[in-house]
Amino acid sequence: MASPEIDALTQALARLPGLGPRSARRAVLHLLKKRETALTPLLRALERVSEALAICSTCGNVDTVDPCSVCADPRRDPRLLCVVEEVSDLWALDRSRLFPGRFHVLGGRLSALEGVRPEDLTIDRLVARVAAGGIDEVVLAMNATLEGQTTAHYLAERLETYPVRLTQLAHGLPVGGELDYLDEGTLAQALRARRPVA
């Protein structure tokens, strides 16, 4: 049996996404075995992030500075704005290095079942950013779920009076996907979004 402190560490790690009790125990054992090279640097990094953690007042990203490093990057095109549901979506798109513009994090998606209303998200801040001008295109990068598409539709209605081009991420067939293994919703979206063969 482990001490209460080690058990508490294991339980804390087990609550992280992607880690269950067994994975957490393995991680704790590794950290304890490699105290100087793994545990101590991890503790220092966690302390530094905890002390400096900030939510970007411009886009809602999580960083250690405000405005965040994405908003402060002068190489980004301020005329392009990509709206995402969560910070994890921003990080995924930014990691791809395919979008040259800036971002806006809603902090979730509209959901009647979960009681998430427009005022619970940063929609008013998004509208204010667009109303301030200087944005030519708003990309609605919502997840391909019913709630995500409901949120995209609501945002399109809120932004339709502004002189911006509204676009949405394409949904459909994944690269390397086989038709036989795809669900009906994905196939339907792929058929609706079909385009001419070049």
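Of the 198 residues in the protein chain of this predicted model, 32% count as buried.

**Fold and overall shape**

Along the sequence, the elements run α-α-α-β-β-α-β-α-β-α-β-α-β-α, giving 8 helices and 6 strands. The radius of gyration is 21 Å, well over the 16 Å that the globule rule gives for 198 residues, so the chain is more spread out than a compact globule. Its C-alpha trace spans about 60 × 45 × 40 Å along the principal axes. Among contacts with a separation of 6 or more, 47% join residues 24 or more positions apart.

**Surface and charge**

About 13,400 Å² of the protein chain is accessible surface, and carbon and sulfur atoms account for 57% of that. The side chains include 24 positive and 26 negative ones, with the centres of the two sets 7 Å apart.

**Nonpolar cores**

In soluble globular proteins, nonpolar side chains tend to be buried together.

| Core | Size | Residues include |
|---|---|---|
| Largest nonpolar core | 17 residues | V83, L106, I123, L126, V130, V138, L155 |
| Second, separate core | 15 residues | V84, V87, L90, F103 |

Which residues does L155 touch, leaving aside its neighbours within four places in sequence? They are V83, L106, I123, L126, L140 and M142. L155 is also among the residues with the most contacts inside the largest core.

How values were computed
Residues are numbered from 1 along each chain as its sequence is written. This is a predicted model: local features need pLDDT of at least 70, side-chain atom pairs count only at pLDDT 80 or more; totals for chains, interfaces and linings use all residues. Side-chain values use heavy atoms; hydrogens and water are left out. Helices (H or I, at least four residues) and strands (E, at least two) are DSSP runs, numbered from the N terminus. The radius of gyration is taken over C-alpha atoms; the globule rule is 2.2 Å times the number of residues to the power 0.38. Buried means under 20% relative accessible area, exposed over 50%, partly exposed in between (1.4 Å probe, protein chains only). Contact means heavy atoms within 4.5 Å. Accessible areas come from the Shrake-Rupley method with a 1.4 Å probe; for residues, only the protein chains shown count as cover. Lys and Arg count as positive and Asp and Glu as negative; His and the chain ends are not counted. The place of a charge is taken as NZ of Lys, CZ of Arg, CG of Asp or CD of Glu. A nonpolar core is a set of buried Ala, Val, Leu, Ile, Met, Phe, Trp, Tyr and Cys residues joined through side-chain atoms within 4.5 Å.
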